[in-house]
Amino acid sequence: MEKKIPYALPWIEEEEIEEVVAALRSNWLSKGPRTVEFEKQFANYVGTKFAVALNSATAGLHLSQLAAGIGPGDEVITTPYTFVATANTILHTGAKPVFVDIDPVTMNMDPSLIESKITNKTKAIIPVHFAGYPVDMDLVMEIARKYNLYVIEDAAHAVYSMYKGRMVGSIGDLTNFSFYATKNLVTGEGGMVTTNNEELADKIRVMSLHGMSKNAWNRYSDKGSWFYEVEYPGFKYNMTDIQAALGLVQLKKLEKLQQIREQYAMMYNEALKEIEGIILPYFDDVNRHAWHLYVIRLKENYFTIDRAQFIEELKERGIGTSVHFIPVHLHPYYQKLGFKYGDYPLAEKAYEAAISIPLYPKMTKEEVQRVIEAIFDIAKTYKR
């Protein structure tokens, strides 16, 4: 049997390894000069004044909401078609998640549904750029400004994405990126919050390191002092210099890696459009897709097997897959909160049809072709 093609693998070369070793030898293992430099370069990349490096996008979403003053009794509008962290962080603040269904074409939240969910308790909107294709941010921002709401973007999939010529990360009040091991830019674990609001950035910095007014780098460098004050009962959410060492190298390579992703996505698009029973990911010439995920959807009742069996058939052919996402409201905890199946039918339908196939720069063209051939074989074999 041919070698298995995993669903995802990070792009790590000798340069990344050397930079991590250099960080270890520098004796800066936690937040230090590399983290500060990574923040500076990332802010410059997305075109914002400020960037705060954290240990995850989840931490960023949590702190972004706290910095915006969101707490018990408030409501935050988002999509159910996301990883559960988006909604969990709303609960962590004491606020209530309010979901709107998705656009069945883009699989992003449908902004035209937002206004109907706004109440006097609504404090923010969290749009999620699913798979790397941007939400209609003009409409989101228009609604947010009309009702004086914060826009806190979940851009975990959207490093490199552009909306109408503007980088995702420079549009909303706060934007959260993920550098998890499967993401387009990898630090193992890690995240970044970008903003043009200095006050919000400062609040997030303080809250990310125990609420201390001076971070450990300032305290222990030759420019710092032993003295610190706790301004807020904060968290331990900071990024380390080991992670930032990876991030600095990855950021330098991002354009090259994205070109490979785009090339492979176009190979999939060109080949798989011939299969009538499969819906391909949406993209256009107006916005730049980051192609973090490549999600195909099976047309209802087109094949004699269901989605789960289709995934098993791919597995038998050595193709790794995943499913993005189980809608948040279908998880047991959220059903205890009163959500139920049928609440967001478009998100549910997308989930029941979705399969994420391998798409990452470490693949070869031959492996992309193998995935294509496997899908063709299954589609032909099980066509109704």
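Student: Why does methionine 107 count as buried?

Tutor: Its relative accessibility is 4%, and buried means under 20%, so methionine 107 qualifies. Keep in mind that this is a predicted model. Methionine 107 is found in the loop between strand S3 (96–99) and strand S4 (122–126).

Student: What is said about the phi of methionine 107?

Tutor: That phi is positive, about 70°, although methionine 107 is not a glycine. Asparagine 148 is also not a glycine and has a positive phi, of about 60°.

Student: What makes phenylalanine 83 count as exposed?

Tutor: The cut-off again: exposed means over 50%. Phenylalanine 83 comes in at 51% relative accessibility, so it counts as exposed. Phenylalanine 83 lies in the loop between strand S2 (75–78) and H4.

Student: What kind of peptide bond joins histidine 324 and phenylalanine 325?

Tutor: A cis one, with omega at about -5°. Phenylalanine 325 sits in the loop between H9 and helix H10 (332–336).

Student: On to the rings. How many aromatic pairs does the structure hold?

Tutor: There are 19.

Student: Why is the pair of tyrosine 302 and phenylalanine 303 called edge-to-face?

Tutor: Two checks. Ring centres must lie within 6.5 Å to pair, and these are 5.2 Å apart. Planes over 60 degrees apart count as edge-to-face; these planes are at 75°, so the pair is edge-to-face. Tyrosine 302 and phenylalanine 303 are both buried.

Student: And what makes the pair of tyrosine 333 and tyrosine 334 edge-to-face?

Tutor: The centres of tyrosine 333 and tyrosine 334 are 5.7 Å apart and their planes are at 80°. With cut-offs of within 6.5 Å and over 60 degrees, the pair is therefore edge-to-face.

Student: Which residues form the aromatic cluster?

Tutor: One cluster is formed by Phe38, Phe42, Tyr45, Phe177 and Phe179.

Student: How far is the charged end of arginine 288 from the centre of the ring of tyrosine 160?

Tutor: It sits over the ring, 3.5 Å from the centre. Arginine 307 lies over the face of tyrosine 351, at 4.9 Å from the ring centre.

Student: Which residues of helix H11 (residues 345–353) are buried?

Tutor: Ala347, Glu348, Ala350, Tyr351 and Ala353. The buried residues of H11 pack against strand S11 (294–298), helix H9 (307–316) and strand S12 (354–357).

Student: How do helix H3 (residues 57–67) and helix H4 (residues 85–92) cross?

Tutor: Their axes come within 9 Å and cross at roughly 40°, and the crossing is right-handed. Thr58, Leu61, His62 and Gln65 in H3 meet Ala85, Thr86, Thr89, Ile90 and His92 in H4. The residues of this contact divide into three nonpolar, six polar and no charged.

Student: Why is glutamate 39 called buried?

Tutor: Its relative accessible area is 5%, and under 20% means buried, so glutamate 39 is buried. Glutamate 39 lies in helix H2 (residues 33–46) and, leaving out residues up to four places away in sequence, touches Lys31, Ala51, Val52, Ala53, Met192 and Arg205.

Student: Last one: what makes lysine 256 partly exposed?

Tutor: A relative accessible area of 41% falls between the cut-offs of 20% and 50%, so lysine 256 is partly exposed. Lysine 256 is in helix H8 (residues 241–272) and touches Trp11 and Glu13, not counting residues up to four places away in sequence.

Definitions and conventions:
Residues are numbered from 1 along each chain as its sequence is written. This is a predicted model: local features need pLDDT of at least 70, side-chain atom pairs count only at pLDDT 80 or more; totals for chains, interfaces and linings use all residues. Side-chain values use heavy atoms; hydrogens and water are left out. Rings of Phe, Tyr and Trp (its six-membered ring) pair if their centres lie within 6.5 Å; planes under 30 degrees apart count as stacked, over 60 as edge-to-face and the rest as tilted. Buried means under 20% relative accessible area, exposed over 50%, partly exposed in between (1.4 Å probe, protein chains only). A charge sits over a ring if NZ of Lys or CZ of Arg is within 6 Å of the ring centre and within 35 degrees of the ring normal. Axes are lines fitted to C-alpha atoms, for helices over the stretch in contact, and angles run from 0 to 180 degrees between N-to-C directions. Helices (H or I, at least four residues) and strands (E, at least two) are DSSP runs, numbered from the N terminus. A crossing is left-handed if the near helix is turned anticlockwise from the far one by less than a right angle, and right-handed if clockwise. Contact means heavy atoms within 4.5 Å. Ala, Val, Leu, Ile, Met, Phe, Trp, Tyr, Cys and Pro count as nonpolar, Asp, Glu, Lys and Arg as charged, and the others, Gly among them, as polar.
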